[in-house]
Amino acid sequence: MKNCIYMLAPYNGTSGRQMMSFIITTDKEKVIVIDGGYRADAEPLLKKLREVTGREVPHVDGWILTHAHNDHIWAFCEIVENHRDEVTFDEVYYNFPSAQYCLRSDNDPAPLDFYHDLPLFADKVCIVSQGDRYRIGGIDFDILYTSDQSFYENSTNNSSTVFSFTFCGKKFIFLGDLGEEGGLKLLGEYGDALKSDYCQMAHHGQNGVTEEVYKAIDPQYCFYTAPLWLWNNDNGKGFDTHIWNTVKTRRWMEKLHVAESYNLCGGDVVIEL
Ligand SMILES: [Fe+2]
């Protein structure tokens with residue numbers, strides 16, 4: 001395998017719903033998965049894992065779940081429920097608050113499914129905390145932020161686990177779907193230490209953290225887990241005509257002179273490092 005990052009597109013193409021699914025492969029034959037998308041994204045994820053590993057039953061060294069929303073963890077639920085013999089994995093890393101907390105600000109059923117499935121993978125669970133460092137697949141992951149249950153607004157998004165790692169000499173930061181409140185806390189605690197080469201843009205690139213957080217991260221490369229309609233804020237009426245703030249975020253990043261922004265408008269993204 002090569003040192004690669006794969007950002008996977010929705011199962012039903014670039015017009016599909018926003019979701020988040022990443023695979024990291026290393027030249028030491030290690031594999032890390034981050035989130036995975038909706039239930040329907042499980043089979044394409046497994047297919048991609050077979051493809052990149054060349055194994056009929058791929059092995060994942062670490063599976064990181066950012067937060068308990070269906071566009072992030074439902075593929076994992078689907079796999080442990082219905083595809084358990086199609087992939088092996090070591091630890092599953094996450095920090096989810098209770099289902100009651102997750103359901104405070106939305107009705108997403110994903111946390112209920114996740115906790116229902118927990119006996120299927122309980123022996124592999126690693127609950128992460130802010131300040132932890134984990135070596136996964138030969139890469140050191142630093143946990144920068146985990147759920148702060150004093151946030152009542154946007155509760156599940158603000159429970160996103162934020163982490164950074166250095167891979168092939170480049171620093172990456174993953175923000176999950178972190179919201180404004182969590183972003184300000186992150187910025188207050190780390191400031192300019194957030195500086196990274198690659199940034200997974202919070203909440204698919206809109207309505208996530210504030211511009212100040214991105215200024216501190218000051219990335220060269222951005223991952224927008226956004227299909228075409230979200231990338232262009234277009235619900236069928238043209239460019240920047242709907243309610244999402246993706247174009248606003250894109251303008252922030254243009255001011256920071258990012259070298260390249262990756263999105264899901266053209267299908268899966270593969271970055272070889
Ligand atoms: Fe999301």
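The donor residues of the iron ion are spaced D-H-x104-D-x26-H along the sequence. His72 sits in helix α2, and His204 in the loop between β11 (198–200) and α6 (211–217), so this pair, 132 residues apart, links distant parts of the chain. Helices here are DSSP runs of H or I with at least four residues, strands are runs of E with at least two, and both are numbered from the N terminus.

A word on the source. This is a predicted model, where local features need pLDDT of at least 70, side-chain atom pairs count only at pLDDT 80 or more, and totals for chains, interfaces and linings use all residues. Residues are numbered from 1 along each chain as its sequence is written, and side-chain values use heavy atoms, with hydrogens and water left out.

Back to the metal. Which protein atoms are the donors of the iron ion? They are Asp71 (OD), His72 (NE2), Asp177 (OD) and His204 (NE2), at 2.1 to 2.2 Å. Donors means N, O and S atoms within 2.8 Å of the metal, or 3.2 Å for Na, K and Ca; water is not among the atoms, so sites may look incomplete.

Now the geometry. Angles among the four donor atoms run from 82 to 163°, and the site is irregular. Here are the cut-offs. Four donors are tetrahedral if all angles lie between 85 and 135 degrees; four are square planar and six octahedral if opposite donors are over 155 degrees apart and all others between 65 and 115; anything else is irregular. For reference, ideal angles are 109.5 degrees for four tetrahedral donors, and 90 or 180 degrees for six octahedral ones.

Both His72 and His204 are buried. Buried means under 20% relative accessible area, exposed means over 50%, and partly exposed is in between, with a 1.4 Å probe and protein chains only.

Next, helix α2 itself. How many of the 13 residues of α2 are buried? Eleven, so the helix is mostly covered. Among them are Asp71 and His72, along with Trp74, Phe76 and Val80. The cover includes β3, α1, β4 (59–64), β5 (88–94) and α4.

Take α1 from that list. Two packed helices are described by the angle between their axes and the distance between the axes. The axes of α1 (residues 42–53) and α2 (residues 70–82) come within 9 Å and cross at roughly 80°. That makes α1 roughly perpendicular to α2. Axes are lines fitted to C-alpha atoms, for helices over the stretch in contact, with angles from 0 to 180 degrees between N-to-C directions. Under 35 degrees is roughly parallel, over 145 roughly antiparallel, 65 to 115 roughly perpendicular, and the rest oblique.

Who meets whom? Ala42, Leu45 and Leu46 in α1 meet Ala75, Glu78 and Ile79 in α2. Contact means heavy atoms within 4.5 Å. Five of these residues are nonpolar, none is polar and one is charged. In that count Ala, Val, Leu, Ile, Met, Phe, Trp, Tyr, Cys and Pro are nonpolar, Asp, Glu, Lys and Arg are charged, and the others, Gly among them, are polar.

Now Phe121, in the loop between α4 (110–117) and β6 (125–127). Phe121 counts as buried because its relative accessibility is 0%. Leaving out residues up to four places away in sequence, Phe121 touches Phe76, Val80, Phe89, Val92, Tyr94 and Phe114. Val80 is 41 residues away along the chain, yet the two C-alpha atoms are separated by 7.5 Å.

On to backbone angles. Most residues other than glycine have a negative phi. His203 has a positive phi of about 50°. His203 lies in the loop between β11 and α6, and is buried at 18% relative accessible area. Glu29 has a positive phi too, near 65°. Glu29 is in the loop between β2 (21–25) and β3 (31–35). Is Glu29 buried or partly exposed? Partly exposed, at 47%.

Tyr224 is 21 residues from His203 in sequence and 8.6 Å away, C-alpha to C-alpha. Tyr224 sits in the loop between β12 (221–223) and α7 (228–231). At 0% relative accessibility, Tyr224 counts as buried.

Last stop, helix α8 (residues 246–255). Its buried residues are Thr246, Val247, Thr249, Arg250, Trp252 and Met253. Their cover includes α6, β12 and α7. After α8 comes His257, with a positive phi near 60°.
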